[in-house]
Amino acid sequence: MINIFAKSPFIIEIDESSQIQTKVELYIWNNGASTPTSPTYTLSKLIPSSNVTATQYNVSPYILEFITFDSYNSGAYASTPTNIANSPRDQHANVTIKTYADTGSGYTLVSDTDYFAFGGYTFYENGSNYDYGDIHLDSGSYYYYNDGQGALGNLDYTRAVSSVRVIEDALSLTAYYTNLDTAATYSEAIVTEPMQVPLIYKSYYGDSVKLEIKDASLNVLATYISIPVTSCKYTPVKIDFVNKFGNFQRFWCFGASYEYTDVESKEHKILQSSITDYNTAQGQMKEYNIKGKSRIKVNTDWVDESFSSTIKELMLSEKILVNGYPAKLNTKSIEMYKHINKKMINYEMDFTYNYNLINSVI
């Protein structure tokens, strides 16, 4: 099935011989809801001219209305005995797109195609309508914080490691885990609905773990190495963000961190209680609308050169959580370090938590 990463344009083109107008019907729904019996949206256009007959539709804005990241499911550890769980259903959508052309005697169906849609994006260099495929995390090595509390419990998201979203798509995929410290192994089938596959098996928490996604012929499609960090001089800071695939990704900053409180207010001159006998404790100026936010500056500690891709996706993300709380990245320009220029790579970033310290929710 074709995947749509709807933060970038996804263009549907209709160019049938002798067409005079075209129409697109969008059927959009989240898993758990019923498939719509009538179109969610209907779009139509006349051809630009008799010698330019092709019409194009960008369907991404309509799909994004069905994708949110208000809830976070880190690692997606399911109930015993499974390790893998459904991807949060509000973080992706099912889409059926029907296209029609009218050559003068009414609309006729041209195509009827099913898609999975995600709140991710593609890069300009990828070209139009690019599809990353069915495995939504780049292969590589990932460090995680071992808090020393032993194996993860069911639904233990606050301690969980990052996960990769995998779409089975009739490929008979299986997740194979290998404990690199004990040589123990575990495997689990990936079923049809988009699934969150944690990078480690929950019973292997605290050890180095290799995860391989394999097809029915045991071809390795992706490999992930998870490495625990236990002895931390500084308090680790947990960063979660929505990556280019439209999936939450987690990493830890193990270097020094600094916390700040920023306050702003408006100041006005006030009338005195008396001109001839005023109270000197009253003052002449008063602050109003005092607002405060917390800010944190973090250091990743030493990382590989490949970590620059994670930093780039973090900077482009519209959804960031720092230690589980919503935040925005204040650092807008970061050098993507290379080992040839900088032997020891550390990234320093500044975040502001996205809420007022004084509760003002009404």
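## Rings and charges in a predicted model

A search of the whole structure finds 22 aromatic pairs. Keep in mind as you read that this is a predicted model. A pair of aromatic rings is described by the distance of the centres and the angle of the planes.

Begin with Tyr 41 and Tyr 62, whose rings form a tilted pair, with 5.0 Å from centre to centre and 50° between the planes. To find these partners, look for Tyr 41 in strand 4 (residues 41-46) and Tyr 62 in helix 1 (residues 60-64); they are 21 residues apart, and the pair links distant parts of the chain. Are these two tyrosines buried or partly exposed? Tyr 41 has a relative accessibility of 23%, so it counts as partly exposed. Tyr 62, at 26%, counts as partly exposed too.

Next come Tyr 186 and Tyr 201, an aromatic pair that is stacked: the centres are 3.9 Å apart and the planes make an angle of 5°. Tyr 186 belongs to strand 13 (residues 185-189), while Tyr 201 sits in the loop between strand 14 (195-198) and strand 15 (209-214), so this pair ties together parts that are 15 residues apart in sequence. Tyr 186 has 19% relative accessibility and therefore counts as buried, since the cut-off is under 20%. Tyr 201 is buried as well, with a relative accessible area of 14%.

Rings can also join up in a group. Phe 5, Phe 116, Phe 118, Tyr 130, Tyr 132 and Phe 245 are linked by ring pairs into a cluster.

Now for the charged side chains. Side chains of opposite charge can pair when their charged atoms come close. How many salt bridges does the structure hold? There are eight. One of them joins the side chains of Lys 244 and Asp 138, with 3.5 Å from N to O. Both partners are in loops: Lys 244 between strand 17 (237-242) and strand 18 (248-253), and Asp 138 between strand 9 (135-136) and strand 10 (140-145), 106 residues apart. Lys 244 counts as buried because its relative accessibility is 11%, whereas Asp 138, at 31%, counts as partly exposed.

Arg 295 is worth a stop of its own. Asp 262 forms a salt bridge with Arg 295, and their closest N and O atoms are 2.7 Å apart. Asp 262 lies in strand 19 (residues 258-269) and Arg 295 in strand 20 (residues 285-299), so the bridge ties together parts that are 33 residues apart in sequence. Asp 262 counts as partly exposed at 33% relative accessibility, while Arg 295, at 18%, counts as buried. Arg 295 also forms a salt bridge with Asp 350, where the closest N and O atoms are 2.9 Å apart. Asp 350 is found in strand 23 (residues 348-353), 55 residues from Arg 295. Both Arg 295 and Asp 350 are buried.

Salt bridges can form a network too: here, one links Lys 210, Glu 212 and Lys 214.

Finally, turn to the surface. Which lysines gather there in a patch of positive charge? They are Lys 266, Lys 291, Lys 293, Lys 328 and Lys 332. Of these, Lys 328 can be found in strand 22 (residues 325-329). Its relative accessibility is 41%, so Lys 328 counts as partly exposed.

Methods: Residues are numbered from 1 along each chain as its sequence is written. This is a predicted model: local features need pLDDT of at least 70, side-chain atom pairs count only at pLDDT 80 or more; totals for chains, interfaces and linings use all residues. Side-chain values use heavy atoms; hydrogens and water are left out. Patches are made of residues with over 30% relative accessible area and no salt bridge: like charges are joined within 9 Å, nonpolar side chains (Val, Leu, Ile, Met, Phe, Trp, Tyr) within 5 Å. Accessible areas come from the Shrake-Rupley method with a 1.4 Å probe; for residues, only the protein chains shown count as cover. A salt bridge is a side-chain nitrogen of Lys or Arg within 4 Å of a carboxyl oxygen of Asp or Glu. Lys and Arg count as positive and Asp and Glu as negative; His and the chain ends are not counted. The place of a charge is taken as NZ of Lys, CZ of Arg, CG of Asp or CD of Glu. Helices (H or I, at least four residues) and strands (E, at least two) are DSSP runs, numbered from the N terminus. Buried means under 20% relative accessible area, exposed over 50%, partly exposed in between (1.4 Å probe, protein chains only). Rings of Phe, Tyr and Trp (its six-membered ring) pair if their centres lie within 6.5 Å; planes under 30 degrees apart count as stacked, over 60 as edge-to-face and the rest as tilted.
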